[in-house]
Amino acid sequence: MSAPFYTVKDVPAQDFIRAYAEYLKKNNKIKIPEWASIVKTGLGKEISPIDQDWMYVRAAALARKIYVRGHWGVGNLTHMFGSVNDNGKHESGSGKVIRYLFQQLEQIKVLKKDNKSLLKKGSRIVTKEGQQDLNRIATQVALAARK
């Protein structure tokens, strides 16, 4: 009997994002810039995140979101990672953080730009290597949850 196989869609999002963020941090896959400690994550925020590992968590969330539904661009994701202020107005998320994490995930071959799509040229999709890595982490999460 072969070993069980799980995809990112088979495991809870929160568990996968936490596990993939730990993987990125432990293996030094993403370089954290100096400005990460002072940058806000969106227009509606007043201070930078308190969690020191927030950049790894955001990178894991971006990778999962693009895996589940590809062809996301920076504009769509600034809306997705934005917030709502007190009077109900939507505030965008930080485009610089998303662009930087896209570049980092492209360097480790998890994401790539899709230049073949006619309507969404330049949007990001998951590479074959990235899909294998993400599914491997998802399988580890699912097996740990079964125990």
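Reader: Radius of gyration is taken over C-alpha atoms, and the globule rule is 2.2 Å times the number of residues to the power 0.38. What does the protein chain have, against what a compact globule would have?
Author: The protein chain has 16 Å, which agrees with the value near 15 Å that a compact globule of 147 residues would have. Bear in mind that this is a predicted model, where local features need pLDDT of at least 70 and side-chain atom pairs 80 or more, while totals for chains, interfaces and linings use all residues. Numbering runs from 1 along each chain as its sequence is written, and side-chain values use heavy atoms, leaving out hydrogens and water.

Reader: OK. What does the C-alpha trace span along its principal axes?
Author: About 55 × 40 × 30 Å for the protein chain.

Reader: And how many helices and strands are there?
Author: The protein chain has 5 helices and 4 strands, in the order α-α-α-β-β-α-β-β-α along the sequence. These are DSSP runs numbered from the N terminus, with at least four residues of H or I for a helix and at least two of E for a strand.

Reader: How much of the chain counts as buried?
Author: 44% of the 147 residues. Buried is under 20% relative accessible area, exposed is over 50%, and partly exposed is in between (1.4 Å probe, protein chains only).

Reader: Which residues have the most contacts inside the largest nonpolar core?
Author: Phe16, Tyr20, Leu101 and Leu134, in a core of 40 residues. H1 (13-26), H2, H3, H4 and H5 (128-146) each put in at least two residues, and H2 gives the largest share with 10. A nonpolar core here is a set of buried Ala, Val, Leu, Ile, Met, Phe, Trp, Tyr and Cys residues joined through side-chain atoms within 4.5 Å.

Reader: What is Phe16 in contact with, beyond four places in sequence?
Author: Val8, Val11, Arg64, Leu134, Ile137, Ala138 and Val141. Contact means heavy atoms within 4.5 Å.

Reader: And for contacts in the chain between residues at least 6 apart, what share joins residues at least 24 apart?
Author: That share is 60% in the protein chain.

Reader: Let's switch to H4. Which of its residues are buried?
Author: Gly95, Val97, Ile98, Tyr100, Leu101, Phe102, Gln104 and Leu105.

Reader: Is Val74 buried or exposed?
Author: Val74 counts as buried because its relative accessible area is 19%.

Reader: What caps the N-terminal end of H4?
Author: Ser94 does, with a side-chain oxygen 3.4 Å from the backbone nitrogen of Val97.

Reader: And what happens just after H4?
Author: Lys109 takes a positive phi of about 65° there. Lys109 sits in the loop between H4 and E3 and counts as exposed, since its relative accessibility is 52%. Asn28, in the loop between H1 and H2, also isn't a glycine and has a positive phi, near 50°. Asn28 is exposed as well, at 63% relative accessible area.

Reader: Why bring those up?
Author: Because most residues other than glycine have a negative phi.

Reader: What about Ser123, buried or exposed?
Author: Ser123 is buried, with a relative accessible area of 6%. Ser123 is also in E4, and its side chain makes a polar contact of 3.1 Å with that of His71.

Reader: What else does Ser123 touch, leaving out residues up to four places away?
Author: Besides His71, Ser123 touches Trp72, Lys112, Lys113 and Asp114. His71, Trp72, Lys112 and Lys113 are among the contacts of Arg124 too.

Key
A polar contact is a pair of N or O atoms within 3.5 Å; within protein, one must be able to donate a hydrogen and the other to accept it, and residues adjacent in sequence count only if both atoms are side-chain atoms.
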